[in-house]
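Here's a quick tour for anyone opening this one for the first time. Have a look at the model, then read on by topic.

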Amino acid sequence: MAEHGTQQRALALITSVLDEGAAGDVIVRAERILQETRPEDRTPAAGLAALVALIVADGLPEASRWCDILVAEARERRAPMWQALFATAKAYTEIRLGELPAAEESAHTALTVVPPEGWGAAVAAPVAALLYAKAATGRLDEAAAHLRIPVPDAAFRTPGGLLYLWARGHYHLAAGRLYAALEDFHGCGDLMARWRLDLSALVPWRSDAAQVYVALGDDRRARSLLEDELARTGTRPPWMRGVALRVLAALADRADRPRLLAESLDILQRSGHRLELAYAMAELSYSHWDRNEDGRARVAARKAQQLMRECGIKAPVLKASPVGAASACPPERSERPGAGRSATELSGAELRVATLAARGYTNRQIAGALFITISTVEQHLTRAYRKLGVQRRTDLAARLNLDAGEEAGPAGCGDGLSRDCLRAG
């Protein structure tokens, strides 16, 4: 009877997360339920619901502590399904905190204690955690292997299926499959609309889809989604606003980007979302390069790099300024005599990538020098091709009006780019 009452309170707690109530109240109520959650209960539903409420309400330190307690108790009492479920919840807490290696370990533990075939529809949740962690750390081949684990259709009628779509969308985005990513992120939105559970703190699908639209050059759709997201944040956990502002900065005028990114950084730092903080810091470094603020750019890039390492992402060491092509072709000078009119439409990031590509550098070398992923290089090139009206890499030099001597490839450049293309660090 007591167990039934705990479950009812847990369900009421999840419902209250949908309201604009104070997150602190949700955290207090969730912890009370977790104090009553023990492995001898028949099902872990109440404890899981309370953990989900903690994670969604941004009670990440509390969620992490309770996951450790419950996983240890389940292991002691030899309750493998409990251990696997709470290890999965721990993985998502660690993803939010930017602890990607730990998240990968927790999800791997969940699928070891209970193999995939023993989960049924619930297998979607731990698989999604592994998929996201490996995609975020750039191990796309390993991530792709997890896509081969069968996920029943029934999973997509559960929150686990929602998380699977979200993680798969990020895998596609990292791999440069933009339309596949867009389909998965919109799939998240469709599912939540069907469930009347449009909760950005669970899956921020609008900001994710907007990121893809930015990469595709569809600024109108990106802006519409972000404005909708920003209008919805209200008094809910603020980290979603921080993410939305980071993406919105890519659409803003050059003068407005530092302000938007500064607000994003402040929110994300206070929220403890370290991976999103790293992404915002990297964007701030690009913004400073575009404004020719080299010193500030270097500081922001190194901070972003350190944050990414702390999150488990092996970022390249900055041996020189990542401004790349801007040293010879800064955005402010792109209207020099002879430049094609369409070249002035490129953003600073697109111009840097396109110029280095025109000089013969590979996508991997460009990514290492500019401190971005290979898929981001591909996205910038796609947008540059469209804006410049070209279809081949070899046509870029003429459209950008590069001198013939500037088209030489990277022969002899052991660390990616020659000093002729980079300012000293």
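**A first look**

D266 and R270 pair up in a salt bridge, with 2.9 Å between the closest N and O atoms; the term means a side-chain nitrogen of Lys or Arg within 4 Å of a carboxyl oxygen of Asp or Glu. Keep in mind that this is a predicted model, where local features need pLDDT of at least 70 and side-chain atom pairs count only at pLDDT 80 or more, while totals for chains, interfaces and linings use all residues. Residues are numbered from 1 along each chain as its sequence is written, and side-chain values use heavy atoms, leaving out hydrogens and water.

**Overall build**

- The protein has 20 helices and zero strands, taken as DSSP runs (H or I over at least four residues for helices, E over at least two for strands) and numbered from the N terminus.
- Of its 425 residues, 56% count as buried, where buried means under 20% relative accessible area, exposed means over 50%, and partly exposed is in between (1.4 Å probe, protein chains only).
- Take the contacts between residues at least 6 apart in sequence: 65% of them join residues at least 24 apart, a contact being heavy atoms within 4.5 Å.
- The accessible surface comes to about 18600 Å², and 51% of that belongs to carbon and sulfur atoms; the areas come from the Shrake-Rupley method with a 1.4 Å probe, and for residues only the protein chains shown count as cover.

- Mean pLDDT for the protein is 80, with 79% of residues at 70 or more; pLDDT is the predictor's confidence in each residue, from 0 to 100.
- Where pLDDT is low, the predicted coordinates should not be read in detail.

**Inside the protein**

- The largest nonpolar core has 134 residues, and L51, W166, V203 and L396 have the most contacts inside it; such a core is a set of buried Ala, Val, Leu, Ile, Met, Phe, Trp, Tyr and Cys residues joined through side-chain atoms within 4.5 Å.
- Leaving out residues up to four places away in sequence, W166 touches Y92, I95, Y132, F185, C188, V203, P204 and D208.
- L230 sits in helix α12 (residues 219–232) and counts as buried because its relative accessibility is 17%.
- Beyond its neighbours within four places in sequence, L230 is in contact with R241, A244, L245 and L248.

**Salt bridges**

- The count comes to 19 salt bridges.
- Back to the opening pair: D266 and R270 both lie in helix α14 (residues 257–271), four residues apart, about one turn of the helix.
- D266 is partly exposed at 40% relative accessibility, whereas R270 is exposed at 59%.
- Through shared partners, salt bridges join E104, K134, R139 and E142 into one network.
- R221 bridges to D218, with the closest N and O atoms 2.7 Å apart.
- D219 and R383 also meet in a salt bridge, at 3.4 Å from N to O. D219 lies in helix α12 and R383 in helix α19 (residues 374–388), so the pair ties together parts that are 164 residues apart in sequence.
- D219 is partly exposed at 32% relative accessibility, but R383 is buried at 9%.
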